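Me: I am new to this structure. Please take me through it, and tell me what stands behind each label.

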Number of protein chains: 2
Amino acid sequence: MAAESQRAKASLRERKKAKTRTAIQHEALRLFRLHGYEATTVEEIADKAEVSPSTFFRYFPSKEDVVLSDDYDPLITEAVRAQPSELSPIRAIRNALFEVFSQLSQDDLEDMFERTQLALSVPELRAAILDQFARTIRQITDLLAEHTGSANDDFALHTLAGAVMGVMISAQFHWVEHPEQNLISLLDNALEQLEFGFQY
Amino acid sequence: MAAESQRAKASLRERKKAKTRTAIQHEALRLFRLHGYEATTVEEIADKAEVSPSTFFRYFPSKEDVVLSDDYDPLITEAVRAQPSELSPIRAIRNALFEVFSQLSQDDLEDMFERTQLALSVPELRAAILDQFARTIRQITDLLAEHTGSANDDFALHTLAGAVMGVMISAQFHWVEHPEQNLISLLDNALEQLEFGFQY
DNA sequence: CTTCAACTGGTAGTTACTACCATTTGACTT
DNA sequence: AAGTCAAATGGTAGTAACTACCAGTTGAAG
C-alpha cells in the first residue's frame, strides 16, 4: 500500500499474492467502516475477498493485523539510523520522521488516517498498536545507544525513548480528533516541546 | 489486595465475595507462575478456585483482568487532584506518585512487582496494560487542564500527558529488569528528567 | 419462616485461531 | 510440451475465550 517495492517485474505467483493481500485488506477495511470492527467476522472478510478463512490467516496472522500491519516503522527506524551522529537523539528522530512522512502521497496519508482512527478507537486495536509502538521505540532506543555511545540499558536513554513514544502517541490521538492539522507538524511540535522541557 | 477498604464490618455475602475474588486471583497467579499465562486456561483457574467458569467471568470480565485489575490508578488520580494548584503539572504528578507509593507495604510492592513483570512480558497483557495506562493518563490530562486552567484539548497539555505516560512505562520496564532499584525513585527520576528537557 | 434479590452452576452457541491433510497451481527442467 | 516439485489453497476438526440464558441455591430482611 505504501511501499511498491518492485516495479512491474514480479512473477505471476507474486503478483497474485500481492493482489490477494490487498483484496483482503481492502474488503476488511470496507466492512469495518460499514459495520464496525468487532461486528465483522473473519469469515465475512474472507468471503468478500473470495478466499477461505485458512488463507486469510496465512496472509494476516490475526484479525488485528489487517489494520495494524504497518510498513512505516521499519522505514523510520532506517531513517533514524541514517542520521549523522552529531545530532541530538530527538533531533535525529525529528529529521527521520520528516524524511519518511514527507514522501507519503495524499492517498497514503488518507489510508494511514483511516487506519489510525480505527486503531485508536477500538480498544483491542488500540492496545495492540500501543504495544507495536512500544516495540518500535525499543528498537530506536538501541539505535540511539549506538548513536550517542551510551549503554543500551542506560536509564536516561530509556526514559527519553519512553517520552518520545508517549508524545508521538498523543500526537496521533490529537490528529484523529483534528484531522485538518498536519500529522508531521504535530509530531514535530510535540518532539520540540519534549526537547526543551515542560516547565510551565 | 491493596486497598482493604472496609475493616471487619461487612455482611457474610460481601465477605464471601471478597474471598472468592482473591481465591480466583491467587490461584490464577499461581498457575501463571507455574505454567505461564497462555498455557493456563480459565477452566483450570476456575477449578482450582472451586468455582464454575461462569462465576470466574462474573468476577473478572476477561482473563487479562485477573492480572491487570489495578487498584492504584484511581488512588493516583485522586492524589493528583488533591495537589495545590500552584505546582507545575509534573511536580503535581511527582508528589502524587510519592504519596501513593510510599504508603504501600512490602507485600503490596512484591505483589505489584510480580504482576508488572507478568504484564510486561506477555504480549497480550502488555498491550492491555498499555491501553489501561493510556486511559489513566487521559483522565490525568483532564485534571491537569483544570489545574492549569488550560483547555483540555490543548495540544501542549496532551503532549505533556503523553510524555508522562511514556516515561512512566519505560520506568516500569526498567524496574522489572532491575528489581533491586526502587520503583518510586525510578519514576521520580524519570519525571524529573522530563521536566528539565532532554538536550544532550 | 417466608419472601425476594443476589449469586451460582450448567448448557449451548459464537468467534478467533491452530494443526493438519488433500488438492491445485505456478515455476522450472529437460 | 510434458513432467516434477514446491508453494499456495481449501476444508475439516479441534481448542479456548468469551456471551446469553435459565434454573436452582443461598444470604438478607421483614
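Me: Which helices supply the surface near DNA strand C?
Reply: This is a predicted model. In it, α1 (12–35), α2 (42–48) and α3 (53–59) of chain A each supply at least two residues of that surface.

Me: Which residues meet where α7(A) and α8(A) touch?
Reply: L118(A), A119(A) and L120(A) come from α7(A). They meet L125(A), R126(A) and I129(A) of α8(A). By class, this contact has 5 nonpolar, no polar and 1 charged residues.

Me: How do you know that the two copies are related as by a two-fold rotation axis?
Reply: Superpose chain B on chain A. That takes a rotation of 180° with 0.0 Å of shift along its axis, and the RMSD is 0.1 Å. The two copies are therefore related as by a two-fold rotation axis. The same surface serves both copies, as 100% of the contact residues of chain B recur in chain A.

Me: Which residue of chain B comes closest to the rotation axis?
Reply: G197(B), with its C-alpha at 1.8 Å.

Me: What makes up the contact between the chains?
Reply: 36 residues from chain B and 36 residues from chain A. On the side of chain B, α6 (89–101), α8 (123–148), α9 (155–177) and α10 (183–195) each supply at least two residues. α9(B) gives the most, with 16 residues. The residues on this side of chain B divide into 22 nonpolar, 11 polar and 3 charged.

Me: Why is A92(B) called buried?
Reply: A92(B) sits in helix α6 of chain B. The cut-off for buried is 20 or more other C-beta atoms within 10 Å. A92(B) has 23 C-beta neighbours inside 10 Å, so A92(B) counts as buried.

Me: Which residues does A92(B) touch, not counting those up to four places away in sequence?
Reply: V80(B), Q83(B), L87(B) and H147(B). L144(B) is 52 residues apart from A92(B) in sequence, and 8.9 Å apart in space, C-alpha to C-alpha.

Technical notes. Residues are numbered from 1 along each chain as its sequence is written. Chains are lettered from A and ligands numbered from 1 in the order in which they are written. This is a predicted model: local features need pLDDT of at least 70, side-chain atom pairs count only at pLDDT 80 or more; totals for chains, interfaces and linings use all residues. Helices (H or I, at least four residues) and strands (E, at least two) are DSSP runs, numbered from the N terminus. Two residues are in contact if their C-beta atoms, placed from the backbone, lie within 7 Å. Ala, Val, Leu, Ile, Met, Phe, Trp, Tyr, Cys and Pro count as nonpolar, Asp, Glu, Lys and Arg as charged, and the others, Gly among them, as polar. Copies are superposed by least squares on the C-alpha atoms of residues with pLDDT of at least 70 in both. A residue is buried if 20 or more other C-beta atoms lie within 10 Å of its own, exposed if 12 or fewer, and partly exposed in between; C-beta atoms are placed from the backbone.
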